[in-house]
Amino acid sequence: MSVNLSVIILAAGKGTRMNSDLPKVLHKINNKPMILNVIQAAHDINANPIITVIGYKSELVKQTLKDKNTQFALQKEQKGTAHAVEQCAEQLNQFKGNVLVLSGDVPFISPNTLNILIKKHNQSNAKATVLTCTLDNPYGYGRIIKKTDNTLEKIVEHKDANENELAEHEINTGIYIFDSKTLFKILPKISNNNKQGEYYLTDVLNILLGENESVFIQKTNRINEIIGINTLEQLKEASNES
């Protein structure tokens, strides 16, 4: 039996390291705003609805996506990924199924990788599944700490990690799939008591684990698909490689 699938695309940030007034997700790779690749991937896996969370210069992002069959949720202040997803609560309050969370600045994620993640999630009957990857240089990424049965023990953000945790090379790609009802029940419980003062979506997973729920891991070897575009240099590299 197929399970209903909704996609939330996080696209509210300015992208200060891009040194530009243009919203980060509208920067172009091969003459196309990078977010269009993410929206296409969401359509290719038959997600409905697709909700794009907008914030910085929201009207400009809306205008760019006006013909792309996506709904919009406005995040007026950028208070973190959990806060961004929570802005979609009203639109999804009648939705029953799974919610896949993607980032508008991770433009090379493929429908194939997403379908593998979705399949693992459904087969595990999981409340949440996270896509992970092993990097030679995991600097800046949240670290995956696993239990002996290969399910998740916790995710630690780089800035909050201790020396042992920083030695882990398996990272959180920022791509997750959740049971919708579970996700929106937990989001209001999250606090911003961390070094960034933000509401992290990873805390949904940590709260689930605290309630003795299993969180499953799907690891991908396709490193090129999960790299985010955060600087003009990365943007240039992405255009050259794609």
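**Exercise 1.** Is Glu170 buried or exposed, judging by its relative accessible area?

*Solution.* The model considered here is a predicted one. We begin with the cut-off, by which a residue counts as buried under 20% relative accessible area. Glu170 has a relative accessible area of 7%, and therefore it is buried. As a next step we look at its partner, for Glu170 forms a salt bridge with Lys146, in which the closest N and O atoms are 2.8 Å apart. Since Glu170 lies in strand 10 (residues 170-179) and Lys146 in strand 8 (residues 143-146), the pair ties together parts that are 24 residues apart in sequence. Lys146, at 32% relative accessibility, counts as partly exposed.

**Exercise 2.** Work out which parts of the chain are linked by the salt bridge between Lys24 and Asp105.

*Solution.* First we check the contact itself, where the closest N and O atoms of Lys24 and Asp105 are 2.6 Å apart. Then we place each residue: Lys24 is in the loop between strand 1 (5-11) and strand 2 (28-29), whereas Asp105 is in the loop between strand 6 (98-103) and helix 4 (111-124), so that the pair links distant parts of the chain, 81 residues apart. Finally we turn to accessibility, and find Lys24 buried with a relative accessible area of 11%, while Asp105 is buried with 16%.

**Exercise 3.** Find which lysines gather in a patch of positive charge on the surface.

*Solution.* The patch consists of Lys96, Lys127, Lys181 and Lys185. Taking Lys181 as one of these, we locate it in helix 6 (residues 180-186), and because its relative accessibility is 71%, Lys181 counts as exposed.

Terms used
Residues are numbered from 1 along each chain as its sequence is written. This is a predicted model: local features need pLDDT of at least 70, side-chain atom pairs count only at pLDDT 80 or more; totals for chains, interfaces and linings use all residues. Side-chain values use heavy atoms; hydrogens and water are left out. Patches are made of residues with over 30% relative accessible area and no salt bridge: like charges are joined within 9 Å, nonpolar side chains (Val, Leu, Ile, Met, Phe, Trp, Tyr) within 5 Å. Accessible areas come from the Shrake-Rupley method with a 1.4 Å probe; for residues, only the protein chains shown count as cover. A salt bridge is a side-chain nitrogen of Lys or Arg within 4 Å of a carboxyl oxygen of Asp or Glu. Lys and Arg count as positive and Asp and Glu as negative; His and the chain ends are not counted. The place of a charge is taken as NZ of Lys, CZ of Arg, CG of Asp or CD of Glu. Helices (H or I, at least four residues) and strands (E, at least two) are DSSP runs, numbered from the N terminus. Buried means under 20% relative accessible area, exposed over 50%, partly exposed in between (1.4 Å probe, protein chains only).
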